[in-house]
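Hello,

Here is the structure I said I would pass on. My notes follow below it.

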Amino acid sequence: MVNKKIEKLINRRNFIIYGAVAAFSLSVPAFINYKVKKQPQKKRLVFDKPLTVNQFVVEREFVLFLTEDKGPIAISRICPHLGCTIIYDDSKGIFKCPCHGSEFSKIGKYLSGPAKKGLQTLKVSQPNNALNIYEITLPESLLL
Ligand code: FES
């Protein structure tokens, strides 16, 4: 009678141990593949004074500038073709992709090359109407 109880306890104990091991080994791959979903983020730029028309501010993810008619604009520096980082060609006054030569206007409109579409425009806001503060919303695609 006592032996049967001990045998039953051991079986129950083994069952719990095997169950715990199985649960752990099933959860490990889930943790390995677990990715945190990125949320759009805001990047705040604060200057001593407001930007002037046609003044460019180059950041890693975007270029910010002030236009006469549309106010502050930020465009992504990621080329829509294959994702290279665009640069500003001062001599031509346009953005160029160093990888395959796509060209974009000063406000990011497509001009030529394999990209076939313009640069992504990012949302710019100025909290509390402060003219020297710019908040640029970075979409998930621009976050590293
Ligand atoms: S990655 Fe820019 S043109 Fe190809």
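Domain bounds, as used here, come from an automatic or database domain assignment. On that basis the protein is divided into domain 1 (1-34) and domain 2 (41-142), and the C-alpha centres of domain 1 and domain 2 lie 57 Å apart.

The model is predicted: local features need pLDDT of at least 70, side-chain atom pairs count only at pLDDT 80 or more, and totals for chains, interfaces and linings use all residues. Residues are numbered from 1 along each chain as its sequence is written.

The secondary structure comes to one helix and 11 strands (DSSP runs numbered from the N terminus; helices are H or I with at least four residues, strands E with at least two). The radius of gyration, taken over C-alpha atoms, is 28 Å, well over the 15 Å that the globule rule (2.2 Å times the number of residues to the power 0.38) gives for 144 residues, so the protein is more spread out than a compact globule. Its C-alpha trace spans about 95 × 40 × 20 Å along the principal axes.

Three strands form an open antiparallel sheet in the order S1-S11-S10, where pairing requires that DSSP finds at least two bridges between two strands. The edge strands, each pairing on one side only, are S1 (41-46) and S10 (124-125). Six bridges join S1 to S11; in one of them, Gln 41 has Leu 138 as its partner. S10 and S11 (residues 133-138) pair over two bridges, and Val 124 is partnered by Ile 136.

Regards
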